[in-house]
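Work through the exercises below with the sequence and the model open. Each task is followed by a solution in steps.

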Amino acid sequence: MGAGIAQTCAAAGFQVTMRDIDQRLVDGGFRRIREPLQKRVERGKMAQADVDAILSKIRGVVSLKEAVDGAQVVIEAVFEKMEIKKELYAELDRLCPPSVVFASNTSSLSITEIASATKRADRVVGMHFFNPAPVMKLVEVIRGSETSDDTVRLIKELCAKLGKEAVEVKESPGFVVNRLLVPMMNEAFNLLQEGVASPEDIDKAMKLGTNMPMGPFELADYTGLDIGLDVMEVPRDGRSEVPSVDAPPEVRSGGSARPEDGTRRVPLSKALGGSMNRPITASNRAVGLRGPSAPAATSAAGEEAWPGPAASSGGPRRTR
């Protein structure tokens, strides 16, 4: 997801720093950006000059300190594990000036708890993109208990500059989309367990009966069983009155594999006893931004383009 967010920001004219914990993973992020764009060039849907312009605005680094240098907004896109996020946010808080805004791409976790790892809870906000980030128009903007109006306003303005539609959401496990979507996907597995219909026919029924572009199994395959399981388990921690979703064993058995390349790759056929054969992937990636057309080493142009909350400058965002 982080690579897609980096592409989205660069395409909108922002200077972006994309950071990961290993150069091999940074290179993989660039590959995931470059290859789909090159296919568009080959099909005559995009000019090579436009691809080159997007890539020229993205700088890949491994050092977190280097990634956040001069940034105004830091967008985090690490695994949906609270302990990992809080460790990162504590480190970001030490590295970034107090004016920098931290935006989490979490799909379900508490913004208030994430912010508790910092000394700037008013400048921590949820900014949940949807996959694939360059294509999907929606961004959920989630307010934590201490997130300021200025911070929410800044992120909504940033969404508009990225060509996205923002919806403001109060903190709740799964927010809006996943709180509705994940139980539906979970129920598809229950239908399969009960022998009501095959995965293919369940997908077909939902696509033709509700005009969904993808059926629940196709969507689970695309987003990853591990991601869905993480969302299902969020309410179990006692912070919410929202009923938890009881994940079927098929989902639970397929959500933990993580090969050495930094991605989590779980064949859906493993969960469904071989009835389908598409891989499930989730990458550990992140992004950092400065203002539109600003040099990578400075944030002056970015501050002028969209000043940070309380008239302060900020810093780029990056994940680990």
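**Exercise 1.** At roughly what angle do the axes of helix α9 and helix α10 cross, and within what distance do they come? Classify the arrangement and list the residues in contact.

Solution. This is a predicted model.
Step 1: Two packed helices are described by the angle between their axes and by the distance between those axes.
Step 2: For α9 (residues 199-210) and α10 (residues 216-223), the axes come within 7 Å and the crossing angle is roughly 105°.
Step 3: Angles of 65 to 115 degrees count as roughly perpendicular, and α9 and α10 are therefore roughly perpendicular to each other.
Step 4: On α9 the contact involves P199, I202, D203, M206 and K207, and on α10 it involves P216, F217 and E218.
Step 5: By class, these residues are 5 nonpolar, 3 charged and no polar.

**Exercise 2.** Is T118 buried or exposed? Describe its surroundings.

Solution. 
Step 1: T118 lies in the loop between α6 (111-115) and β5 (124-129).
Step 2: Buried means under 20% relative accessible area; T118 has 11% relative accessibility, so T118 counts as buried.
Step 3: Leaving aside residues up to four places away in sequence, T118 touches Y89, D93, F102 and V124.
Step 4: The T118 side chain also reaches the backbone nitrogen of R120, at 3.2 Å.

Definitions and conventions. Residues numbered from 1 in each chain as written. Predicted model: local features only at pLDDT ≥ 70, side-chain atom pairs only at ≥ 80, totals over all residues. Heavy atoms only, no water. Axes fitted to C-alpha atoms, helices over the stretch in contact; angles between N-to-C directions. Helix = DSSP H or I, 4+ residues; strand = E, 2+ residues; numbered from the N terminus. Parallel < 35°, antiparallel > 145°, perpendicular 65-115°, else oblique. Contact = heavy atoms within 4.5 Å. Nonpolar A, V, L, I, M, F, W, Y, C, P; charged D, E, K, R; others polar. Buried < 20%, exposed > 50% of the residue type's maximum accessible area, 1.4 Å probe, protein only. Polar contact = N/O pair within 3.5 Å; in protein donor to acceptor, adjacent residues only side chain to side chain.
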